[in-house]
Amino acid sequence: PVPLSSDSFTGFGKDSKQIHNREVREATQLMLLKNIPTVADLINRGGVIVTSHLDLASVMHSHGINLRYLALLRNKIVSTILKGVIMVDLIARVVKNAFRTVMRTNTA
């Protein structure tokens, strides 16, 4: 693994911009093409038992996958029950973010 610059694709990352942006692109492609399918296959085969959101988050993070990619993982899951659990998690995350936006707007 290569440490990625948090300034990639921003105005702050002017030094070594091409290198940092390339590293982030490569890491993203690796995650999309290898890590997410690997985790989905692991779950689908029963190599990892997911009984809660915490289990799912732990498996995803241990394979370098941020929870913002949960929907992409869901698309590769076979179990309709687990797909439903993931959908509830996705909806909860949307509601949480909407609530935070409302709270910031009303308290500012």
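Predicted model: local features only at pLDDT ≥ 70, side-chain atom pairs only at ≥ 80, totals over all residues.
Entry 1: The phi of S16 is near 60°, a positive value in a residue other than glycine. I noted this angle because most residues other than glycine have a negative phi. With a relative accessible area of 39%, S16 is partly exposed.

I then turned to F9, which is also found in the segment before helix 1, the helix that covers 17-45. F9 has a positive phi of about 60°, although it is not a glycine.

**Entry 2: salt bridges.** How many salt bridges does the structure hold? I found 2 of them, and I looked up each pair in turn.

In one, E26 pairs with R22, and the closest N and O atoms are 3.4 Å apart. Both E26 and R22 lie in helix 1, where they stand 4 residues apart, about one turn of the helix. I recorded E26 as partly exposed at 46% relative accessibility, and R22 likewise counts as partly exposed, at 39%.

In the other, the side chains of D41 and R45 meet at 2.9 Å, N to O. Because D41 and R45 are 4 residues apart in helix 1, they are separated by about one helical turn. D41 is partly exposed, with a relative accessible area of 38%, whereas R45 is exposed, at 58%.

**Entry 3: the largest pocket.** Next I looked for empty space, since rolling a probe the size of a water molecule over the atoms shows where it is left. The largest pocket has a volume of about 440 Å³. Which residues of its lining lie nearest the centre? I listed L4, E23, V24, A27 and T28, out of a lining of 16 residues.

**Entry 4: a nonpolar patch.** Last, I went over the surface and found a nonpolar patch of about 250 Å², made by M87, I91 and V95. I followed up V95, which is found in helix 4, residues 80-107. Is V95 buried or exposed? At 52% relative accessibility V95 counts as exposed, since the term applies over 50%.

Methods
Residues numbered from 1 in each chain as written. Heavy atoms only, no water. Helix = DSSP H or I, 4+ residues; strand = E, 2+ residues; numbered from the N terminus. Buried < 20%, exposed > 50% of the residue type's maximum accessible area, 1.4 Å probe, protein only. 1 Å grid on protein atoms, 1.4 Å probe; cavity = no way out; pocket = protein on both sides within 12 Å on 5 of 7 lines; lining within 4 Å. Points joined across faces, edges and corners; volume = space filled by probe spheres on them. Patch = residues over 30% accessible without salt bridge, like charges linked within 9 Å, V, L, I, M, F, W, Y side chains within 5 Å. Areas by Shrake-Rupley, 256 points an atom, 1.4 Å probe, with all protein chains shown as cover. Salt bridge = Lys/Arg side-chain N within 4 Å of Asp/Glu carboxyl O.
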